[in-house]
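Thanks for coming, everyone. Please bring up the structure, and I will walk you through it.

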Amino acid sequence: AHHSIRIMSCARTRLPYTSGSGNKTTTRSSVICRSSSSLAGPSSSPVVVSTDVCLRDLGCDFVLRSLGEEDMEKVKDMLSSVDFDVSVDDWREVGTALAICEKSTNALVGSVTTYTYPSKTGDEETMTWLGNLVVHPEYRSRGAASILLDVALSNLPATTTTFLDASPQGHHLYEKHGFRDVMHIMTLECKGAMAAGHALRELRRRTGSYSDGDVRPVSTERDIEIVEAMDEAVFGAPRANLIEAWRTSCTHGSYVDDNAYALAHRRGRTLFVGPCGVVSSNAGAVEEELLPPALDAISRTLGDCLLEVEGGMADKVMLYVPKSRTAWRNWLCELGFHEHDETTTRMSLGDDAPREELPIWKGFVALGTLDFG
């Protein structure tokens, strides 16, 4: 099922925009509405219905509005133009998606998404992920990113803690808006049939002794519930709808046992291993204590994904790994994975927000995505 946005209530407010003549920032009247989602998971968030905006040196022939199903092909084209790591299907899972478009051509200038997870404990405090802040290369350095970020942040629940995963190019913009570093994330990749075949043989050689454990494919309703509970324990919020979307994007590659879970999901021709986590009674468990319990489940997931790449059914396997997991990173590199040069920075907003990796996140062996956490 996909989102069907239902407008609940509306009010007029003032939104910032950048003047077309110079760097002056002012405000423009806009209509803001509350929406509800047809999928369980994200809390309702305000949605900008439509408002005129101006971009630096380009004038005011632009409109800020919410994205709909009819925009998905334009989103796909824009993501391709910036080599952005997200699929159109993922956009259908988000709580709120905003975009700036040209009025005359309806061309997509840029976009941003917000996804507010329900509270883990049932109180008012929630967790929001800000992601997919993308501006088409032809419209960069015109103020579009700042407009999108300002509007997205101004419409978040007052009791939420906001996180995002910043590229090196976007880090300064987020710092200017009050975000601060929490943790660093490595991207590891195994690309091509030959490299995948080598990694698969090395994986089987190294993990043969783990194959007699209690690990099993996630195939029953009970297994799904166990995975959702484990993921909530290490992520900090329930995200059953995303778990289901990720799990069903691959026909196999999801495993669970008494201590750990490992999922895979597909975005186009790329297979992502994650989220993968360990439920430990010791919140401060060191990496060496986490890796062995996770190894059986994650080795099955890795093996399934590498087999698809070796067989030509996918182009590469990727993982997002917290930079502090050096032993885990070394283990993957010994299999034949390569680490990207650029490091992603997880950031949080506000003076009272976390400034270091959350204790529960130490259970993560591999993260899910960089747009939903």
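**Strands, cores and a helix**

Start with strand E7, residues 126-135. It is mostly covered: 10 of its 10 residues are buried. Keep in mind that this is a predicted model.

Now the neighbours. On one side of the pairing list is strand E6, residues 108-117. E6 and E7 run antiparallel, joined by seven bridges. Pick out threonine 113: its bridge partner in E7 is glycine 131.

Next partner: strand E8, residues 160-166. E7 pairs with E8 in the parallel sense, over four bridges. Here tryptophan 129 stands opposite phenylalanine 163 of E8. What lies between E7 and E8 in the β-α-β unit? Helix H3, residues 144-154, and the unit is right-handed.

On to the cores. The largest nonpolar core has 35 residues. Leu302, Leu306, Leu319, Trp328, Leu332 and Phe337 have the most contacts inside it. Several elements each supply at least two residues, including strand E9 (179-191), helix H5 (193-207) and helix H9 (326-335). Which element gives the largest share? H8, with seven residues.

Look at leucine 332. Leaving out residues up to four places away in sequence, it touches Leu188, Leu302, Leu319, Val321 and Phe337. There is also a second, separate core, of 30 residues. Tyr117, Phe163, Val218 and Phe372 are among them.

Last stop, helix H5. It has 15 residues, so at 1.5 Å a residue it should span 21 Å. Its end C-alpha atoms are 21 Å apart, which agrees. Its buried residues include Ala196, Gly197, Ala199, Leu200 and Leu203.

Technical notes: Residues numbered from 1 in each chain as written. Predicted model: local features only at pLDDT ≥ 70, side-chain atom pairs only at ≥ 80, totals over all residues. Heavy atoms only, no water. Core = buried A, V, L, I, M, F, W, Y, C linked by side-chain atoms within 4.5 Å. Buried < 20%, exposed > 50% of the residue type's maximum accessible area, 1.4 Å probe, protein only. Contact = heavy atoms within 4.5 Å. Expected span 1.5 Å × (residues − 1). Pairing = 2+ DSSP bridges. Right-handed = clockwise from strand over helix to strand, strands pointing away.
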